Amino acid sequence: MRSLIKHVLKRAEACDDLHVAGWVRTRRDSKAFSFLELNDGTCLGNLQIVADAGIPGYEDIAKMSTGASIEIRGKLIPSPAAGQAWEMQATSLKLLGGVPEDYPLQKKGHSTEFLRSIAHLRPRTNLYGAVFRMRSRMAFAVHKFFQERDFIYVHTPIITASDCEGAGEMFRVTTLPDDKIAKAEEDFFGKRAFLTVSGQLEGETFACALSNIYTFGPTFRAENSNTSRHAAEFWMIEPEVAFCDLEGDMDLAEALVKYLVKEALTNSDGDLAIFEKFVDKGLRERLEFVASRPFERITYTEAVELLKASGKAFEYPVEYGLNLQSEHERWLTEEHFKKPVTVFNYPKEIKPFYMRLNDDNKTVTAMDVLVPGIGEIVGGSQREERLDVLMENFKKHDLDPDAYGWYADLRKYGSVPHAGFGLGFERMLMFVTGMANIRDVIPFARTPGNCEF
């Protein structure tokens, strides 16, 4: 059986019969032997191979250049070189796949912009290998967090006829020919259908039956935005909790963010080191700070007052009733409080129809978790559980009550207070890796004008 390099490097004792395979990072030759650095993608570290001239397969050594795939059998022995416990003494080599001279990932620095253009090859680099291993670990940690707390995993639909956000920025799903002008009733589903922007509304139906649920899947926004934080396709973590108010919602969101940060710190198998070295030298210190301290909590009104009194010249105006922009969120977290901040109780005019109206009749029980370097990472609320208020909200937001009849039924039949939120998975990954662009933490980015691969 082939051994994974991540396990080989952690072995406690030598081995006389070892079988590994992977891609050559570098090769150095002398007259009598060659050194090869081998990586199989399972960890950041390479396994050094010592191959003596004359062993089976050595005749192809010149073809075993950077990027070539090879298979090796031999012995694992203690290494005399500093910085590594083991090396492999090859008894046979086998070239599996060679590379021509135009292989784009030579041993030199490459810009993130260039690597995005070869997204099918960038996972082979040390940096992006670490990014996507971290993505895998964080996804597993999400499920672990909720399963440990008795949440039930629900798969909400990717194709939907409901607009959760009410912004109208949705991708249409249709089977109608491009040149055919037809009524919606003639389309595949008999009505207009879209790619989902959120699994929240459907998630609420399960929370109102199973108590604690979460959904974790792809979501889509047809927003023409080319910022470093936005993508047309991204993944969302969305819990919904019955018998829960805004305070409990904020507690859960803070606990999830801290849990994921701690997982990145303790179970990164060395990948965090490459982010510290090449991306953000202060990354570990910031993550440890976030994991160990309570988040600040302030109302939207207090946030606006702090921003207006800051004396800072923001690009976007700061006024009550306007959405907070990324520059405002980062000032609060990076310059003023110097830690994550949860802002709650926003004006009702700037939030969707489903958020619970506060007793002041001016604000809703919305909350956003803001983190340094990113800004908003979580958005949530206590949901409006009162049927009469919800029906009034439909009118105010110009929504067809009949289209949302199933949603209103949750308030008609055994309504309960409930709350939830959405955590942008890619933004969380940006936070724990230090990567500054969302395009660099998702395998194949979908952005305006870009749908390659």
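Q: Which residues in H7 meet which residues in H12?
A: In this predicted model, Leu283, Arg286, Leu287 and Val290 are the residues of H7 that meet H12, and their counterparts in H12 are Phe431, Val432 and Thr433.

Q: And what kinds of residue are those, nonpolar, polar or charged?
A: The contact of H7 with H12 divides into five nonpolar residues, one polar residue and one charged residue.

Q: At what angle do the axes of H7 and H12 cross?
A: The axes of helix H7, residues 283-292, and helix H12, residues 425-433, cross at roughly 120° and come within 8 Å. That angle makes H7 oblique to H12.

Q: How about H10 and H11, at what angle do they pack?
A: Helix H10, which covers residues 387-396, packs against helix H11, residues 405-412, at an angle of about 155°, and their axes are 9 Å apart. Because angles over 145 degrees count as roughly antiparallel, H10 is described as roughly antiparallel to H11.

Q: Which residues meet there, between H10 and H11?
A: From H10 the residues are Leu387, Leu390, Met391 and Phe394, and from H11 they are Tyr407, Ala408, Arg411 and Lys412. Six residues of this contact are nonpolar and two are charged, while no polar ones take part.

Q: Is Glu204 buried or exposed?
A: Glu204 counts as buried, because its relative accessibility is 0%.

Q: What else is Glu204 in contact with, leaving aside neighbours within four places in sequence?
A: Besides Tyr407, with those sequence neighbours left aside, Glu204 is in contact with Glu240, Arg383, Leu410, Arg411 and His418.

Q: What follows H4?
A: H4 is followed by Ser211, a residue whose phi is positive, near 80°.

Q: You mentioned E10, so where does the side chain of Thr215 reach?
A: Thr215 lies in strand E10, and its side chain reaches the backbone oxygen of Val154 at 3.1 Å. Thr215 counts as buried because its relative accessibility is 4%. Leaving aside neighbours within four places in sequence, the contacts of Thr215 include Tyr153, Thr156, Gly199 and Met236.

Q: Changing topic, in what order do the five strands of the barrel close?
A: The five strands close into a barrel in the order E1-E2-E3-E5-E4, and their pairing is mixed. Neighbouring strands of this sheet are turned against each other by 50° on average, with direction ignored.

Q: How many bridges join E1 to E2?
A: Six bridges join strand E1, residues 15-29, to strand E2, residues 33-39, and the two strands run antiparallel. As one of the pairings, Arg28 has Phe35 in E2 as its bridge partner.

Q: Last one: where is Lys312 found?
A: Lys312 is found in the loop between helix H8 (300-308) and helix H9 (326-336). Lys312 counts as partly exposed because its relative accessibility is 40%. Neighbours within four places in sequence aside, Lys312 is in contact with Trp331 and Glu335, and its C-alpha atom is separated by 9.9 Å from that of His328, 16 residues apart along the chain.

Notes. Residues are numbered from 1 along each chain as its sequence is written. This is a predicted model: local features need pLDDT of at least 70, side-chain atom pairs count only at pLDDT 80 or more; totals for chains, interfaces and linings use all residues. Side-chain values use heavy atoms; hydrogens and water are left out. Axes are lines fitted to C-alpha atoms, for helices over the stretch in contact, and angles run from 0 to 180 degrees between N-to-C directions. Helices (H or I, at least four residues) and strands (E, at least two) are DSSP runs, numbered from the N terminus. Angles under 35 degrees count as roughly parallel, over 145 as roughly antiparallel, 65 to 115 as roughly perpendicular and the rest as oblique. Contact means heavy atoms within 4.5 Å. Ala, Val, Leu, Ile, Met, Phe, Trp, Tyr, Cys and Pro count as nonpolar, Asp, Glu, Lys and Arg as charged, and the others, Gly among them, as polar. Two strands pair if DSSP finds at least two bridges between them. Buried means under 20% relative accessible area, exposed over 50%, partly exposed in between (1.4 Å probe, protein chains only). A polar contact is a pair of N or O atoms within 3.5 Å; within protein, one must be able to donate a hydrogen and the other to accept it, and residues adjacent in sequence count only if both atoms are side-chain atoms.
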